[in-house]
Amino acid sequence: MLKKYDFVRTPPVEIANDILSDSAKRGASDIHFDPHEDFMLIRIRIDGDLVDYAEVPKDIQRNLITRLKILASMNITETRLPQDGAIKGIINGMPLDLRVSVLPLLEGEKMVIRILDYKRSLEGIESLGFSDPNYQKILKMIAVPNGIILITGATGSGKSTTVYSMLQRLNKEETNIITVEDPIEMSIEGINQVQTNSEIGLTFASALRSILRQDPNIIMIGEIRDSETAQIAVRASITGHLVLSTLHTNNSLTTIERLLDMDVERYLLASSLTGIVSQKLARRICPNCMRMRPANDYEKKLFKAILGVDITELPTVDGCDECSNGFKGRIAIHEVLLINQDIRDAISNGLKKEALRALVYTSHVTTMLQDGLQKVLKGLTTFEEILKIIELDDDEHVEENSDLKAAIMNANMAYENAAPNETTNDATDQTQTNQVIETL
């Protein structure tokens, strides 16, 4: 249900403050201000999904956007070009750290506000939902005095949270840590943080060259975006520095391929790469309305093939007053690769992708699918959520298991022939099953 504001009697200043503070209280990660022909729609992203929040009359739209641009220190007279800004302070009694982006559209300016929440980073690596084997690998990675550790995933998958958690663990009196970021998302006491500015020539690459003359122990690069940054980062890691950075790739194998595509020399990558942490976010089950349901044949076959366990039931949700459609918050699904000597030799010798894939995923790696299914069994998320975020054909267990593919096909036929009431009682609906079939 849309929130109602008295736009006639309430000043835009109060409305803007209430939108920001109320969205943060609801646990939103983003606020969208979408201009339409007759009104502006405000939507907020909760647990990864956008939901309608309020409608703003057309004659109030400009005043509201102008107020927010003032808070973000933007040019209020410029409406033809994109702008970026930030809001940091206490609003309606809430300390908020916001990133603001404005984009000119046909019907007016679209504004998106990212609400930064680094409570998890402050709580430490152990609060990020790593399984015990993956957590032990993380500790081994950050204990290495030099090398490069990469956190990978799509935009909004929690990479920055993971990186900052590692920095919190590494931040000690005897250590000199320098970061290069765009923008600086979280200020950490005791860490030297550099904000890039491409307009004056302060790029990631130029900043890194200067940082290497600042006697650092640990370097954090906000994101590896180009070949030059990748090459400098790798060279820094083999000269006695521990380098942390992020990359937009889906898993360990594609991360290695991406770095090679960025013209990083094989022998340098092989000797410098310490570990790769890939992650995606799934919605977390609300504990108040979770219940168990019977598992169907396809689900039983999948869990048996991937985890080697027999299941009879799986968690599902009903929805309640304390959650959003049965979910409350999100949990990370991980794949953690700790590089060993065999993988180093394979990278250096130019082993083909298929052989490298087999080597990577026989190195005691828990794939994202395995990690996700394990968290389903723990009641942390649902099977449907895992299917939404993970492509099954990326997992070698599915790729090599023809019996499992046949089970999926049979399950699809069963859904097609099922009566309507039987289909609605099953947790995996027809659309999701078809999507799984297409990936295989």
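View 1. Look for His32, which sits opposite Arg43 in E2. Before we go on, please note that this is a predicted model, in which local features need pLDDT of at least 70, side-chain atom pairs count only at pLDDT 80 or more, and totals for chains, interfaces and linings use all residues. Residues are numbered from 1 along each chain as its sequence is written, and side-chain values use heavy atoms, with hydrogens and water left out.

**View 2. Six strands make an open antiparallel sheet.** Their order is E3-E2-E1-E6-E5-E4; strands (E, at least two residues) and helices (H or I, at least four) are DSSP runs numbered from the N terminus. Strand E3 (49-57) and strand E4 (83-91) are at the edges with a single partner strand each, so one side of each has no neighbour in the sheet. From one strand to the next, the twist averages 20°. Helix H1 (residues 12-25) packs on this sheet and touches E1, E2, E3, E4, strand E5 (94-105) and strand E6 (108-115), where contact means heavy atoms within 4.5 Å. The direction of H1 makes about 115° with that of E5; axes are lines fitted to C-alpha atoms, for helices over the stretch in contact, and angles run from 0 to 180 degrees between N-to-C directions.

**View 3. Seven strands form an open sheet with mixed pairing.** Here the order is E9-E8-E10-E11-E7-E12-E15. Strand E9 (192-195) and strand E15 (327-338) are the edge strands, each pairing on one side only. Strand E12 (residues 273-285) joins E15 through ten bridges in the antiparallel sense, and Val277 stands opposite Val336 in E15. Helix H4 (residues 132-143) packs on the sheet, touching strand E7 (147-152), strand E11 (242-247), E12 and E15.

**View 4. The cysteines here form zero disulfides.** A disulfide is a pair of cysteine sulfur atoms within 2.5 Å. For Cys289, the nearest cysteine sulfur is that of Cys323, 3.8 Å away. Cys289 is buried, with a relative accessible area of 8%, whereas Cys320 is partly exposed at 28%; buried means under 20% relative accessible area, exposed over 50%, and partly exposed in between (1.4 Å probe, protein chains only).

Conventions. Two strands pair if DSSP finds at least two bridges between them.
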